[in-house]
Every structure is written in structure tokens, then in C-alpha cells.
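Subject: Structure handover

Hello,

Here is the structure for your files. My notes follow below it.

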Amino acid sequence: MQKMEDRVRSQLRGAGLKATPFRLAILKLLYKSREPLDVQAILESFSVSNTPDQATVYRILESFVTSGLVSRVFFDVGAVRYELTSLEEHQHAVCTHCNSI
């Protein structure tokens with residue numbers, strides 16, 4: 001776990017971003033996720049007593065996108081999702097019945 005923490009801190013520093021607790025948590029969550037996440041999924045990953053507000057999550061994601069750490073992924077189903085930019089080129093399949101990715 002410490003390796004991931006060090007990698008995430010290093011990436012944030014390399015992008016010129018301060019390693020705040022919420023930034024660390026969101027970037028680690030994106031590392032662990034096997035699919036792009038929307039803001040709601042990110043918010044739900046936090047404990048009730050330690051949840052950032054929605055505007056904070058959007059600001060953090062925007063800073064990640066601007067710095068090149070994270071990419072926005074757009075689907076026909078409407079929601080914007082986010083994933084690490086460092087992933088290899090790949091495609092996403094969306095179920096036409098339940099809209100899962």
C-alpha cells in the first residue's frame with residue numbers, strides 16, 4: 001500500500017499539485033478502479049464522516065485533467081466519467097440494457 005501512496009504523491013508533485021488528503025484519496029481510487037468513475041461513485045467511496053462536497057470533487061478532478069493525470073471519458077448515456085491518463089489506449093463497452101461499462 002505504501003508503494004501506491006508514494007507513487008500517487010510523486011505524481012501529484014510532478015503535476016505541480018499539493019498532496020492533500022482528498023486529492024490522494026481520489027487519485028488512489030482511480031488507480032484501483034477497473035472502470036472510469038463518475039463523481040457520484042467517487043463521493044460514495046468516502047465515509048460519511050469524511051466526505052468532500054461535490055464542488056470539491058469537481059475542482060480536484062478538473063485540476064487532474066488540466067495537469068494531464070486524468071482524462072474525461074464521455075459515453076452516450078450522458079455521464080462524464082474519469083480515468084487515469086496513463087492507461088494504454090483502450091475501448092469501453094457499454095451494455096445496452098443496463099448501461100454498465
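The expected span of a helix is 1.5 Å times one less than its number of residues. Helices (H or I, at least four residues) and strands (E, at least two) are DSSP runs, numbered from the N terminus. Helix α4 has 14 residues. From first C-alpha to last, α4 reaches 20 Å, close to the 20 Å expected at 1.5 Å a residue.

Two ground rules. This is a predicted model, in which local features need pLDDT of at least 70 and side-chain atom pairs count only at pLDDT 80 or more, while totals for chains, interfaces and linings use all residues. Residues are numbered from 1 along each chain as its sequence is written, and side-chain values use heavy atoms, with hydrogens and water left out.

Overall picture

The protein has four helices and two strands. Along the sequence the pattern is α-α-α-α-β-β. Of the 101 residues, 34% are buried (buried: under 20% relative accessible area; exposed: over 50%; partly exposed: in between; 1.4 Å probe, protein chains only). The accessible surface comes to about 6,600 Å² (Shrake-Rupley method, 1.4 Å probe; for residues, only the protein chains shown count as cover). Carbon and sulfur atoms own 50% of that surface. Take the contacts (heavy atoms within 4.5 Å) between residues at least 6 apart in sequence: 42% of them join residues at least 24 apart.

Helix α4

Asp53 caps the N-terminal end of α4. A side-chain oxygen of Asp53 lies 3.2 Å from the backbone nitrogen of Ala55. This is a polar contact (a pair of N or O atoms within 3.5 Å; within protein, one must be able to donate a hydrogen and the other to accept it, and residues adjacent in sequence count only if both atoms are side-chain atoms). After α4 comes Gly68, with a positive phi near 90°.

The buried residues of α4 are Thr56, Val57, Ile60, Leu61, Ser63, Phe64 and Val65. Their cover includes α1, α2, α3 (39–44), β1 and β2 (80–84).

Look at Ser63 in particular. Ser63 sits in α4, which runs over residues 54–67. Its relative accessible area is 17%, so Ser63 counts as buried. Leaving aside residues up to four places away in sequence, Ser63 touches Leu17 and Arg23.

Salt bridges

A search of the whole structure finds three (a salt bridge is a side-chain nitrogen of Lys or Arg within 4 Å of a carboxyl oxygen of Asp or Glu).

- Glu5 and Arg9: the closest N and O atoms are 3.3 Å apart. Both residues lie in helix α1 (residues 2–14), four residues apart, about one turn of the helix. Arg9 is partly exposed at 31% relative accessible area, whereas Glu5 is buried at 14%.
- Glu5 and Lys28: the side chains meet at 2.5 Å, N to O. This pair links distant parts of the chain, with Glu5 in α1 and Lys28 in α2 (residues 21–32), 23 residues apart. Both are buried.
- Glu62 and Arg72: the side chains meet at 2.2 Å, N to O. This pair also links distant parts of the chain, with Glu62 in α4 and Arg72 in β1 (residues 70–74), ten residues apart. Glu62 is partly exposed at 37% relative accessibility. Arg72 is partly exposed at 33%.

Glu5, Arg9 and Lys28 are linked in a network of salt bridges.

Best wishes
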